[in-house]
Amino acid sequence: MTKNFSAKELRCRCNVCNREVPNECDLFALRMLQRIREEVGPLTLNSAYRCPLHEDEARKDKPGTHNQGIAFDIRVPWGRKRMRIIELALKLGAKGFGFGNTFIHIDWRIQADPTSWNYS
């Protein structure tokens, strides 16, 4: 899909579709993820596209940003690399930021102001 991200690693990882559903990642969001990767070095994705049957998507009233193909969960601990990823994502127009202990969620949702949350 891009220089550093394969179609396989961008696919849904749920047990329902069994990785059979091709990813539907938004090309703009993928280009922005690639630009972040080029600046900070290798990135490991915990999650990218999620099919509608994915357990986290199936319980939502409307499709989430992963199902829309505009979100990525990047495995990265707290520290300088995490901050650099956030800074770059903001400059590249990302609007959604979720913070977990071992990963960050970044998405390119359409809204006026950036938003953030944490995972408990």
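Helices (H or I, at least four residues) and strands (E, at least two) are DSSP runs, numbered from the N terminus. This is a predicted model: local features need pLDDT of at least 70, side-chain atom pairs count only at pLDDT 80 or more, and totals for chains, interfaces and linings use all residues. Residues are numbered from 1 along each chain as its sequence is written, and side-chain values use heavy atoms, with hydrogens and water left out.

**The loop**

Asn 18 is found in the loop between H1 and H2. Arg 19 lies in the loop between H1 and H2 too. Arg 13 is found between helix H1 (7-10) and helix H2 (27-40). Buried means under 20% relative accessible area, exposed over 50%, and partly exposed in between (1.4 Å probe, protein chains only).

| Residue | Relative accessibility | Class |
|---|---|---|
| Arg 13 | 30% | partly exposed |
| Asn 18 | 51% | exposed |
| Arg 19 | 38% | partly exposed |

Asn 18 has a phi near 55°, a positive value in a residue other than glycine. For Arg 19, phi is near 60°, again positive in a residue other than glycine.

**The core**

A nonpolar core is a set of buried Ala, Val, Leu, Ile, Met, Phe, Trp, Tyr and Cys residues joined through side-chain atoms within 4.5 Å. The largest one has 32 residues. Ile 36, Phe 72, Ile 74, Ile 85 and Ile 106 have the most contacts inside it. At least two core residues come from each of H2, strand S2 (71-75), helix H4 (80-91), strand S3 (96-99) and strand S4 (103-107). H2 gives the largest share, six residues.
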